[in-house]
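Subject: Structure handover

Hello,

Here is the structure for you to look over. My notes follow below it.

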Amino acid sequence: MLRGRSCDEYVEMFDLSSAEMGLRVLCWGDGPAAFNGELPGRGGGVVSCDPLSMFRGEQSEQRIAANVETVLAQMERNRDDYLWDRIGSVEALGRLRVQAMLAFLPFSFFLP
């Protein structure tokens, strides 16, 4: 799975209302999603719990870089199994996901 979704994608995916955007949200297993950094700026709060939290800063960035090509190659092989009307292509999806994952990193903090 290629993780990393923006706040706008979460709003669309879960049909979040303005009132719901002001709530505190528990994100479980969602990896490095920009949503986690963007929601507080929109009046909400996020607690994100993910096993990937064991990786810090540069380690997270390296894992993103190391895995994105593999996942995109798998998606390319299976592109007929997906609907592309919203995003358009595997390449566009890759850019969108990497952008969201990298946007998450400055907002992340990890417990010792």
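Helices here are DSSP runs of H or I with at least four residues, and strands are runs of E with at least two. On that basis, the chain holds five helices and two strands. Their order from the N terminus is α-α-β-α-β-α-α. Please keep in mind that this is a predicted model.

The chain as a whole:

- The chain has 112 residues, and 35% of them are buried.
- Its accessible surface is about 7,300 Å². Carbon and sulfur atoms account for 56% of that surface.
- Take the contacts between residues at least 6 apart in sequence: 50% of them link residues at least 24 apart.

Two residues are worth a look.

E9 first. E9 sits in helix α1, which spans residues 7-14. Is E9 buried or exposed? Its relative accessibility is 7%, and buried means under 20%, so E9 counts as buried. Which residues does E9 touch, apart from its neighbours within four places in sequence? E9 is in contact with G4, R86, L96 and R97.

Now D15. D15 belongs to the loop between α1 and α2, the latter covering 18-21. Its phi is near 50 degrees. That is a positive value, and D15 is not a glycine. D15 has 66% relative accessibility; exposed means over 50%, so D15 counts as exposed.

To recap the pair: E9 is buried in the model, whereas D15 is exposed.

Best wishes

Technical notes:
Residues are numbered from 1 along each chain as its sequence is written. This is a predicted model: local features need pLDDT of at least 70, side-chain atom pairs count only at pLDDT 80 or more; totals for chains, interfaces and linings use all residues. Side-chain values use heavy atoms; hydrogens and water are left out. Buried means under 20% relative accessible area, exposed over 50%, partly exposed in between (1.4 Å probe, protein chains only). Contact means heavy atoms within 4.5 Å. Accessible areas come from the Shrake-Rupley method with a 1.4 Å probe; for residues, only the protein chains shown count as cover.
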